[in-house]
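Subject: Structure handover

Hello,

Please take over the structure below.

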Amino acid sequence: MQQGLFGDESVAQNCIFCKIIAGKAPAHILYQDEQVLSFLDISPVSAGHSLIIPTNHHDNIFSLSGEEITAVALHAKRLAPVVKRVTKSPGLAIHQLNGRAAGQTVFHYHMHLIPCQHDTPKQLHGRRAASQSALAELAVEIRQALTKA
Ligand code: 5GP
Ligand code: ZN
């Protein structure tokens, strides 16, 4: 499994996103390579709400290397138009929170991609978990579109 920052394995063991990276917690994964992982948010603001994370554990932006944040940004550049197209959304919001004071709730750096219809609530967090079958179906569609992007 991926080690936490500075090899602190206990951080990784207690982090839900590190567990997803290690395959020890379930997620509807969209893309994975050595540097980044993207998957559907369990409690989406709108259908297609996706998260992109670095595979190394960092609580927030303050410890991320230039190379890691570049890998996240490059994946966002590729994934964003695919998610927008598959969900037939006229807009797509990107959010990223650092620290409890900023509203961050999971302390493994992540970028939110939130497809927006004109009436999509302009909020950062969804109110309830999506159905697993709906997430699974959408993940298949996005993964297929991503391979052609
Ligand atoms: P934050 O507030 O830290 O920016 O956002 C954390 C996000 O992670 C929330 O949108 C929340 O729904 C999502 N999330 C929390 N736990 C899980 C999980 O176990 N699986 C997935 N797929 N998303 C999660
Ligand atoms: Zn982590």
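The notes below go from the model as a whole to the ligand and then to single residues.

This is a predicted model, in which local features need pLDDT of at least 70, side-chain atom pairs count only at pLDDT 80 or more, and totals for chains, interfaces and linings use all residues. Residues are numbered from 1 along each chain as its sequence is written, chains are lettered from A and ligands numbered from 1 in the order in which they are written, and side-chain values use heavy atoms, with hydrogens and water left out.

Confidence and annotation

Over residues 1–7, pLDDT stays under 50. For that stretch the model has 18 contacts (heavy atoms within 4.5 Å) beyond four places in sequence.

An unreviewed UniProt entry carries the annotation "domain: HIT" for residues 16–123. UniProt positions are given in the numbering used here, feature names are shortened, and annotations may be inferred rather than shown by experiment. In the model, residues 16–123 are 25% helix and 23% strand; these are DSSP runs, numbered from the N terminus, with helices being H or I of at least four residues and strands E of at least two. The end C-alpha atoms of this range are 22 Å apart.

Ligand 1

Which residues come nearest to ligand 1? They are Asp41, Thr105, His110, His112 and His125, out of 17 residues around the ligand (a heavy atom within 4 Å of it).

A nitrogen atom of ligand 1 lies 2.9 Å from a backbone N or O atom of leucine 40. An oxygen atom of the ligand is 2.9 Å from a polar backbone atom of valine 106. In the side chain of histidine 112, an N or O atom is 2.8 Å from an oxygen atom of ligand 1. On its own, ligand 1 has 520 Å² of accessible area (Shrake-Rupley method, 1.4 Å probe), and the protein covers 87% of this.

Serine 38 lies in strand S2, residues 36–40.

Serine 50 belongs to strand S3, residues 50–54, and counts as buried because its relative accessibility is 0%. A polar atom of the serine 50 side chain lies 2.7 Å from the backbone oxygen of glycine 48. Among the residues in contact with serine 50, leaving aside neighbours within four places, are Leu40, Asp41 and His112.

Loop residues

Lysine 24 sits in the loop between helix H2 (16–21) and strand S1 (29–32). With a relative accessible area of 61%, lysine 24 is exposed.

Lysine 88 is in the loop between helix H3 (66–86) and strand S4 (91–95). Its phi is near 50°, a positive value in a residue other than glycine. Lysine 88 counts as exposed because its relative accessibility is 68%.

Arginine 100 is placed in the loop between S4 and strand S5 (111–116), and at 66% relative accessibility it counts as exposed.

Regards

Terms used:
pLDDT is the predictor's confidence in each residue, from 0 to 100. Buried means under 20% relative accessible area, exposed over 50%, partly exposed in between (1.4 Å probe, protein chains only). A polar contact is a pair of N or O atoms within 3.5 Å; within protein, one must be able to donate a hydrogen and the other to accept it, and residues adjacent in sequence count only if both atoms are side-chain atoms.
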